[in-house]
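Subject: Structure handover

Hello,

The structure I promised is below.

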Amino acid sequence: MFDLGPHAPFIWAAYGAAAMVIGGLITWVILDGRALRETLARLESEGGRRRPVAKPENGN
Amino acid sequence: MQRFANPNKFMAFSATLMPWLVGATVLFFLAGLYSSFFVAPPDYQQGETVRIMFVHVPSAWLAMMCYGVIALSSFVLLVWRHPLADVSAKAAAPIGAAFTLLALVTGSLWGRPMWGAYWVWDARLTSVLILFFLYIGLIALRRAVDDEALAARLTAILALVGTVILPIIKFSVEWWHTLHQPSSVLKIGGPAVHSSILWPLLVMAVAFICLFLTLHLAAMRNEILRRKIAATRIMRVERAAAHQAQPAE
């Protein structure tokens, strides 16, 4: 690796912090989006199933 | 702007835009990181620690830019009640808080070898710390109020009041005697930084801006989905209540 002089730990720590913060933001956005899409898909599929199930009860 | 007031249109438009933004972010980061480590020479005073500037300065710029986006969105919400304005403000707050934190951390890591201290109660550092607390306040206020519309209005008002911090941050290095150096890129008379360091810095700044646009757009899409889920749940509860209220035949 290249020589970053006596202050190398501070430089690497700064880039490490940047990687952690940016990585954390990306992970948050991706996981949040995935969970929301799954929830919406589940709600829509449940809604689609429940309506026809509810009809016979209604008719009685 | 009203063209994208419909969330469905915004979702379609943002889905088209997203791959281009991701591509631009990756390309600019690759170019920025390469030039930061292999092109930019050590500074004649700071030595190799100048490389911290390539992440610190764009983070600090974004910390302020993101707050500007929140303030603008809040203004649009309060004046025109644009449906996506609150989505934009809410989505930008955690991203702005993260970049402000990054600016503070990388600044501290630069300050230790250069100033001999991780932290000093300097006007610039303190005002950026206040900006970070303001972001946390915006997030906390929104979470504290259950009524979504009321929370949106209250956070918009707080965000607009908080804009007073932006000129304080910008001019703190001129209004007070600070340890933090005065502006050396965005200044009257042009940048005071040599082009060999300025260009890598600008490429990294563009990379950070592309990253912010990507994250903000993605977070806005998530927020629209969250509201759609909430609306679907309310609709189902109302439908069930209406169904129960119907007299049995």
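A helix crossing is called left-handed below if the near helix is turned anticlockwise from the far one by less than a right angle, and right-handed if clockwise. Helices (H or I, at least four residues) and strands (E, at least two) are DSSP runs, numbered from the N terminus.

This is a predicted model, in which local features need pLDDT of at least 70 and side-chain atom pairs count only at pLDDT 80 or more, while totals for chains, interfaces and linings use all residues. Residues are numbered from 1 along each chain as its sequence is written, and chains are lettered from A and ligands numbered from 1 in the order in which they are written.

Overall content

Chain A has one helix and zero strands. Chain B has seven helices and zero strands, in the order α-α-α-α-α-α-α along the sequence. The C-alpha trace of chain B spans about 90 × 35 × 30 Å along its principal axes.

For burial, a residue is buried if 20 or more other C-beta atoms lie within 10 Å of its own, exposed if 12 or fewer, and partly exposed in between, with C-beta atoms placed from the backbone. Of the 60 residues in chain A, 15% are buried; for the 249 residues of chain B the figure is 36%.

Two residues are in contact if their C-beta atoms, placed from the backbone, lie within 7 Å. In chain B, taking contacts between residues at least 6 apart in sequence, 75% join residues at least 24 apart.

Between the chains, 23 residues of chain A are in contact with 30 residues of chain B. The chain A side of this contact divides into 16 nonpolar, five polar and two charged residues. In these classes Ala, Val, Leu, Ile, Met, Phe, Trp, Tyr, Cys and Pro count as nonpolar, Asp, Glu, Lys and Arg as charged, and the others, Gly among them, as polar.

Helix H1 of chain B

H1(B) covers residues 7-39 and bends by about 30 degrees at B:Leu17, with a proline, B:Pro19, following within four residues. The bend at a residue is the angle between axes fitted to the seven residues ending there and the seven starting there. B:Thr25, B:Gly32 and B:Ser36 are buried in H1(B). The buried residues of this helix pack against H2 and H7 (195-245) of chain B.

Helix pairs in chain B

For the pairs, axes are lines fitted to C-alpha atoms, for helices over the stretch in contact, and angles run from 0 to 180 degrees between N-to-C directions. Angles under 35 degrees count as roughly parallel, over 145 as roughly antiparallel, 65 to 115 as roughly perpendicular and the rest as oblique.

H2(B) and H3(B) pack at about 155 degrees, with their axes 7 Å apart, and are therefore roughly antiparallel. Their crossing is left-handed. The contact has 21 nonpolar, nine polar and one charged residues.

H2(B) (residues 50-80) also packs with H5(B) (residues 148-162), at an angle of about 130 degrees and with the axes 9 Å apart. This pair is therefore oblique, and the crossing is left-handed. From H2(B), B:Ile70, B:Ala71, B:Ser74, B:Phe75, B:Leu77 and B:Leu78 meet B:Ala152, B:Ala156, B:Ala159 and B:Leu160 of H5(B).

The residues in contact include B:Ala123, B:Arg124 and B:Ser127 of H4(B) and B:Ile165, B:Ile168 and B:Ile169 of H6(B). The class count is nine nonpolar, two polar and one charged.

Two single residues

B:Arg81 sits in the loop between H2 and H3 of chain B. Its phi is near 50 degrees, a positive value in a residue other than glycine. B:Arg81 is partly exposed, because 13 other C-beta atoms lie within 10 Å.

B:Gly111 belongs to H3(B) (residues 83-115) and is buried, because it has 22 C-beta neighbours inside 10 Å. Leaving aside neighbours within four places in sequence, B:Gly111 is in contact with B:Ala117 and B:Tyr118. B:Gly111 and B:His180 are 69 residues apart in sequence and 9.2 Å apart in space, C-alpha to C-alpha.

Regards
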